[in-house]
Amino acid sequence: MEETNRQKKIGGVLQRDLADILQKNLKDAGRTGVIISVSKVKVTTDLSIAKAYISIFPQKHAQEVIEEINLGKSKIKHEMAQRTRNQLRKMPEINYYLDDSLDYIEGIEKSIKGEENPINDPDLLERRKKS
């Protein structure tokens, strides 16, 4: 089912504000050399739950940053509610997911460029088969 215009608008507002808040919290925590961005926010039809897809670079810090975000979930929600109080009546519950689309794209590019050769490495074919 396709998202309504209302869902898209709320997702856009949440995405912009959430990116600001997460970057500010990352800076306040003293984490340097880590870039965080919110790639997409999808909101349910009843506007009660939002799924935020987050990209973190470098990838090696991704899991620990997501854990930190989940620990500070209530603080982030409160700050989001303060920012969006004129646009939203009720703040949706935000669930955070790691966006791994960049890794997926990188894998495709390697395959296209020929860096992964199934003739030289026959194990690649087994990984690509769907079960």
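Keep in mind as you look that the model is predicted.

Let's begin with the strands. Strand S1 covers residues 35-43 and strand S2 covers residues 49-57, and the two run antiparallel to one another, joined over 8 bridges. To find your place in this pairing, look for Ile36, whose bridge partner in S2 is Ile56. Together S1 and S2 make a hairpin, with 5 residues between the strands. Within that turn, have a look at Leu47, which has a positive phi of about 60°.

S2 also pairs with strand S3, residues 93-98, this time in the parallel sense and over 6 bridges. A handy landmark here is Tyr53, which stands opposite Tyr97 in S3.

Now turn to the largest pocket, which holds about 200 Å³ of space. Three helices each give at least two residues to its lining: H1 (5-28), H2 (62-71) and H3 (73-83). H1 provides the largest share, with 4 residues. The lining includes Leu22, Asn25, Leu26 and Asp28, and also Val65, Glu68, Ile69, Lys75 and Ile76. Sorted by class, the lining of the largest pocket comprises 7 nonpolar, 2 polar and 3 charged residues.

Notes
Residues are numbered from 1 along each chain as its sequence is written. This is a predicted model: local features need pLDDT of at least 70, side-chain atom pairs count only at pLDDT 80 or more; totals for chains, interfaces and linings use all residues. Side-chain values use heavy atoms; hydrogens and water are left out. On a 1 Å grid over the protein atoms alone, a cavity is a set of points where a 1.4 Å probe fits but cannot get out, and a pocket is an open set with protein on both sides within 12 Å along at least five of seven lines; lining residues have an atom within 4 Å of a point. Grid points are joined across faces, edges and corners, and a volume is the space filled by probe spheres set on the points. Ala, Val, Leu, Ile, Met, Phe, Trp, Tyr, Cys and Pro count as nonpolar, Asp, Glu, Lys and Arg as charged, and the others, Gly among them, as polar. Two strands pair if DSSP finds at least two bridges between them.
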